[in-house]
Amino acid sequence: MSVSIVSRSAWGASPWDGTPNTVPLADRNEYYVHWDGATPITRTGYAIPRAIEAQHLAQGWSGVGYNFVVSQAGEIFEGRGWTLQGAHCPGHNVSAIGVQIAVGGDQEASPQALAAARALYDEACSRTGRTLTKGGHRDGLATLCPGDRLYAWVQAGMPAAGYEPSTPDDTTPSTGTVARYQVTINGLTYGYGATGAHVTAVGEALVARGHGDHYTSGPGPTWTDVDTLNYADFQRSLGYTGDDADGVPGESSLRTLLGTLPSATTSTATALAFPGRRHFRPGANNRFVTLLGQRLVKKGYGKHYSVGPGPKWSEADRRAVEAFQRAQQWTGADADGYPGPETWRRLFS
Ligand SMILES: [Zn+2]
């Protein structure tokens with residue numbers, strides 16, 4: 001019986017933060033079992049890979065480091081999958097298919113979880129055309145992982161039967177978490193938590209344009225996730241995709257929606273919370289890169305651009321940022337040309 005795998009898009013994975021290397025199946029000869037750690041876990045369904053993803057992104061990895069993650073319900077979530085290099089055990093990330101069984105501490109893996117992990121092993125052997133060596137994380141590195149119980153199971157030859165394909169019936173949106181940052185345009189703040197009559201006005205305009213599907217009440221003066229979801233629908237209707245359709249307004253979509261850009265009388269500055277490092281690196285293509293470039297030009301760092309600035313991250317962007325960072329008397333990694341929160345704050349405050 002072949003295995004049923006919940007794809008990254010189904011569980012709502014973020015795009016890879018830097019693309020992991022591809023590994024041919026011919027280079028795989030091991031199967032490594034992991035656990036979640038010393039603490040039992042209670043998450044179920046999509047929340048399992050999402051939590052691992054958040055943790056691994058925070059560690060600076062591209063996304064989930066395991067090839068697959070198996071839940072207590074017997075679901076198999078795609079991480080690096082069959083073709084991408086893992087980040088689960090130094091020295092074995094190419095040779096081993098790394099699989100986390102999502103238990104921790106003294107938690108016992110369920111029969112469903114063990115059956116799914118075993119079925120995945122059989123599938124891996126079938127795909128590679130060889131008998132993969134069964135191992136646990138501690139075979140490659142001094143670590144408690146995958147815990148004594150799972151390790152004993154691996155050493156016993158991973159006995160399990162009765163695999164039943166299982167997929168979550170989660171009702172949470174499969175599009176990942178809703179964006180929760182704010183932008184200030186013409187002195188008015190938009191995005192999660194923003195309040196004011198201008199927020200109500202945006203909601204009413206969304207309803208008027210037929211993008212009010214997510215409202216069960218309102219719209220009202222406090223910006224909630226529901227406003228973000230409706231605004232994202234509106235952005236997609238304009239042809240925006242990816243980060244440009246994350247439901248947080250930009251100047252252009254806001255002007256289209258309202259016919260004009262409202263402004264607060266107190267300020268005309270454009271401020272923006274730091275959107276995260278992943279938006280600024282080779283291959284990045286998003287409106288924050290444009291905003292950053294425009295700001296750098298405004299601040300006198302425009303000589304680095306022969307064209308642009310535009311949404312595609314370029315060496316010109318990096319050099320302009322580096323010049324700005326050096327002007328702050330920063331050195332070394334602090335002046336590498338990639339903006340962090342402090343660079344951003346100094347540019348936009
Ligand atoms: Zn491990």
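Predicted model: local features only at pLDDT ≥ 70, side-chain atom pairs only at ≥ 80, totals over all residues.

Biologist: OK, and how many residues has helix H5?

Modeller: Twelve, residues 197-208. From first C-alpha to last, H5 reaches 16 Å, close to the 16 Å expected at 1.5 Å a residue. That expected span is 1.5 Å times one less than the number of residues.

Biologist: Which residues in H5 are buried?

Modeller: His198, Val199, Val202, Gly203 and Leu206. A residue is buried if 20 or more other C-beta atoms lie within 10 Å of its own, exposed if 12 or fewer, and partly exposed in between, with C-beta atoms placed from the backbone. Down the axis of H5, the buried ones fall within an arc of 145°, so they line one face of the helix. The arc is taken from the directions from the helix axis to the C-beta atoms.

Biologist: Why would residues a few places apart point the same way?

Modeller: An α-helix has 3.6 residues a turn, so residues three or four places apart point the same way.

Biologist: And what's on the face of H5 turned away from the buried side?

Modeller: The exposed residues Ala197 and Ala208. The cover over the buried residues of H5 includes strand S8 (188-191), helix H6 (225-237) and helix H7 (251-258). That goes by contacts, meaning C-beta atoms, placed from the backbone, within 7 Å of each other.

Biologist: Switching to H9, what about its length?

Modeller: H9 runs over residues 315-327, and its 13 residues should span 18 Å at 1.5 Å a residue, which agrees with end C-alpha atoms 18 Å apart. Its buried residues are Ala316, Asp317, Ala320, Val321, Phe324 and Gln325. Helix H8 (287-298) and helix H10 (341-348) are among what covers them. After H9 comes glutamine 329, with a positive phi near 70°.

Biologist: Which residues have the most contacts inside the largest nonpolar core?

Modeller: Val69, Val70, Val99, Ile101, Ala116, Ala117 and Leu120, in a core of 39 residues. A nonpolar core is a set of buried Ala, Val, Leu, Ile, Met, Phe, Trp, Tyr and Cys residues joined through C-beta atoms within 7 Å. H3 gives the most to this core, with nine residues. Skipping neighbours within four places in sequence, leucine 120 is in contact with Val3, Phe68, Val70, Ile76 and Val99. Apart from that core lies another, of 15 residues, including Val199 and Phe234.

Biologist: Where is asparagine 29?

Modeller: In the loop between helix H1 (8-11) and S2. Asparagine 29 is partly exposed, with 15 other C-beta atoms within 10 Å.

Biologist: Last one: how is the chain divided?

Modeller: Into domain 1 (5-155), domain 2 (182-258) and domain 3 (274-348), with bounds from an automatic or database domain assignment. The C-alpha centres of domain 2 and domain 3 are 27 Å apart.

Technical notes:
Residues numbered from 1 in each chain as written. Helix = DSSP H or I, 4+ residues; strand = E, 2+ residues; numbered from the N terminus. Contact = placed C-beta atoms within 7 Å.
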